[in-house]
Structures are given as structure tokens and as C-alpha cells.
Amino acid sequence: MVRAFFLLLSLLEVLNISKQELQINEEIRDKEIRVIDSEGGQLGIMSSAQALDMAAAKNLDLVKIAPQATPPVCKIMDYGKYRFEQAKREKEARKNQHIVDIKEVRLSLNIDTHDFNTKLNHTQRFIKGGDKVKVSIRFRGREMGHPELGTEIMKRFAESCQEFAVVEKPAKLEGRSMIMFLAPKTNK
């Protein structure tokens with residue numbers, strides 16, 4: 001029972017590989033196709049059955065690589081090896097790209113010097129890591145009557161971050177929060 005399940009699972013994987021993008025072997029139903037051999041040489045225009053026989057004789061697959069052309073272009077290749085190399089290239093591309101995260105630092109209206117410096121150090125660490133930082137102040141209760149105090153704290157914070165970050169979006173009051181975005185300095 002378990003063996004039959006794994007056999008079915010492997011069969012489904014094989015079917016999924018062939019359905020992902022290109023038509024291979026018996027899926028190609030065109031009457032005439034242009035065929036390219038595994039080394040890249042032109043073999044000419046022939047029927048799909050004839051090309052399939054040539055691919056089977058070489059123990060390779062017939063893969064439709066240009067379905068929009070007239071006649072469609074098919075290549076004789078090892079499809080499993082092709083998919084493996086393509087997956088390897090995609091994995092390498094994903095590994096090399098850097099995703100920029102947005103980290104958040106929350107300040108308060110009556111923040112003390114030590115807390116301010118601690119938040120500044122956190123921001124510096126985030127910026128040096130290549131991330132953007134969202135600096136926010138949440139106004140509670142009667143603090144809403146003094147947004148200018150929040151603006152002063154944001155200006156002081158931006159000036160303290162000036163050597164390693166730039167203000168991407170200046171401080172702006174949105175509802176009960178004042179938000180500012182900082183980004184890493186670009187070295188030109």
C-alpha cells in the first residue's frame with residue numbers, strides 16, 4: 001500500500017514537471033515541426049512522429065521550445081537535465097537577490113536621553129544591515145494637542161541619524177501616529 005502511494009506520488013511529480021512550461025514527447029501534436037539536434041544543428045522540417053523516433057533512438061526527449069513559430073521548433077535534449085539546470089539557475093538567482101525589510105522603531109513623546117540613544121543604536125544597526133527603518137511616535141490622550149513636540153523629536157532623531165541614513169519620507173502625522181522613513185545612504 002505504501003509502495004503504491006509513493007509510486008503514484010512519483011508519477012504525479014513526473015507529470016507536473018512536463019506540464020510546467022514546455023510540451024515534451026507525445027504532448028507535441030503538430031503535423032510538421034522544425035527539429036534541432038542536441039548539439040544545436042538543424043535537422044530540418046519533419047513530422048512529429050519521425051522526430052519522436054529520432055529522439056527515442058538517442059534516449060533523449062523531444063521538447064517544443066518555440067511553439068509560436070511556423071512550423072513550431074522542437075529540440076532533442078535530456079529534459080530532466082534541462083529542468084535540473086534551470087532550477088539550479090533560479091535558486092542561484094534567488095540566493096543573490098537581497099530583500100529590503102522595513103524595521104520599525106517606536107519613540108514616545110516623553111522619551112529620555114538613554115532610551116533615545118538606545119533607539120538610535122538599534123536604527124544604526126538596522127540601516128547598516130541594509131534595511132529601511134520606520135520611525136513612529138504614537139500620541140496618546142492629550143498628547144494629540146501637542147504634535148509639534150513629536151515633530152521636534154523626529155527632527156532630532158533624523159539629525160542624529162544623518163551620518164549613516166537619509167530621510168526617505170519626512171515626519172508626517174497620520175491619525176494618532178507620526179511616521180518617518182529612513183533609508184541607508186547610497187555611496188556615490
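**Exercise 1.** In what order do the 4 strands of the open sheet lie, and which stand at its edges?

*Solution.* Start with the order: the 4 strands run β5-β6-β8-β7 in an open sheet with mixed pairing (strands are DSSP runs of E, at least two residues, numbered from the N terminus; two of them pair if DSSP finds at least two bridges between them). Next, look at the edges: β5 (102-107) and β7 (165-174) each have a single partner strand, so one side of each has no neighbour in the sheet. Finally, the twist from one strand to the next averages 20 degrees (axes are lines fitted to C-alpha atoms, for helices over the stretch in contact, with angles from 0 to 180 degrees between N-to-C directions).

As for the ground rules, this is a predicted model, where local features need pLDDT of at least 70 and side-chain atom pairs 80 or more, while totals for chains, interfaces and linings use all residues. Residues are numbered from 1 along each chain as its sequence is written, and side-chain values use heavy atoms, leaving out hydrogens and water.

**Exercise 2.** How many bridges join β6 to β8?

*Solution.* Strand β6 (residues 132-138) and strand β8 (residues 177-184) run antiparallel, joined by 6 bridges. Within β8, methionine 178 is the bridge partner of isoleucine 137.

**Exercise 3.** At what angle does α4 run to β5?

*Solution.* α4 lies across β5, β6, β7 and β8, at about 170 degrees to β5 (contact means heavy atoms within 4.5 Å; helices are DSSP runs of H or I, at least four residues).
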